[in-house]
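Subject: A structure for you to look at

Hi there,

Here is the structure I promised to hand over. Please open it first, and then read my notes below alongside it.

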Amino acid sequence: MSFYFILELLGFLPPSDNEMEDIICHLEHWISRLEGVLHLEKEITASGGKIFATSGKKTNFHATLEKCKEAGGSIATPRNSEENDAILFFVKSFNTYAYLGIKESLIPNKFQFLDSTQLSYTNWYLNEPSQKEEEECVEMYTDGTWNDKRCHQNRLIVCQF
Ligand code: MMA
Ligand code: CA
């Protein structure tokens, strides 16, 4: 980055429209290089504009919500098979199940997104959800299928951004 560019960023010089375009172009290029590094290091996976990442640590469902929020994201929530695969990458590489952003609704055995909207896609394991009253959360197995599960287990923290 040039000194002039930094001065503009700091607000010492009012950028013209052309300069503003140039600044945005520089920033886009810079961000895409950083994204390249994160992909190369397998620190992130991406699908349809969403970015998924893990801290590599394990905790329960509620603490996962908190951790993802603290990081400026939310718990990983697959809306299609591509996003499911992007989350599965971390589940496989840490060989640890992960909680998803899906919970049982007020209707027993009916699951929904955390904002109470209908699931757009499901990938339940055979005979899941298993109709156990206390299983209000959903975990992803290492083959990418889902199991309804109690919320207090320690599972891999995977967030979306
Ligand atoms: C466990 C628990 C359930 C799951 C069954 C499948 C015995 O309970 O993980 O959520 O449905 O295993 O056998
Ligand atoms: Ca179950």
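Predicted model: local features only at pLDDT ≥ 70, side-chain atom pairs only at ≥ 80, totals over all residues.

Next, have a look at ligand 1. Which residues surround ligand 1? You will find Glu 128, Ser 130, Lys 132, Glu 135, Asn 147, Asp 148 and Lys 149 around it. By type, this shell has five charged residues, two polar ones and no nonpolar ones. Some of the distances are worth checking on your screen. Glu 128 has a polar side-chain atom 2.5 Å from an oxygen atom of ligand 1, and for Glu 135 a polar side-chain atom also lies 2.5 Å from an oxygen atom of the ligand. For Ser 130, an N or O atom in the side chain is 3.0 Å from an oxygen atom of ligand 1. On its own, ligand 1 has 330 Å² of accessible area, and the protein covers 53% of that.

Now zoom in on Asn 147, which is part of strand E7 (residues 146-149). Is Asn 147 buried or exposed? Its relative accessibility is 5%, so Asn 147 counts as buried; the cut-off for buried is under 20%. Asp 148 is buried too. One is the side chain of Glu 139, with a polar contact of 2.8 Å. Another is the side chain of Tyr 141, where the polar contact is 3.2 Å.

Finally, take a look at the largest nonpolar core, which has 19 residues. The members that touch the most others are Ile 87, Leu 100, Ile 102, Met 140, Trp 146 and Val 158. Two or more residues come from each of these elements: helix H4 (81-93) and the strands E4 (98-104), E5 (111-113), E6 (137-140) and E8 (155-160). Which element gives the most to this core? That is H4, with five residues.

Best wishes

Note on methods
Residues numbered from 1 in each chain as written. Chains lettered and ligands numbered in written order. Heavy atoms only, no water. Near = heavy atom within 4 Å. Polar contact = N/O pair within 3.5 Å; in protein donor to acceptor, adjacent residues only side chain to side chain. Areas by Shrake-Rupley, 256 points an atom, 1.4 Å probe, with all protein chains shown as cover. Nonpolar A, V, L, I, M, F, W, Y, C, P; charged D, E, K, R; others polar. Buried < 20%, exposed > 50% of the residue type's maximum accessible area, 1.4 Å probe, protein only. Core = buried A, V, L, I, M, F, W, Y, C linked by side-chain atoms within 4.5 Å. Helix = DSSP H or I, 4+ residues; strand = E, 2+ residues; numbered from the N terminus.
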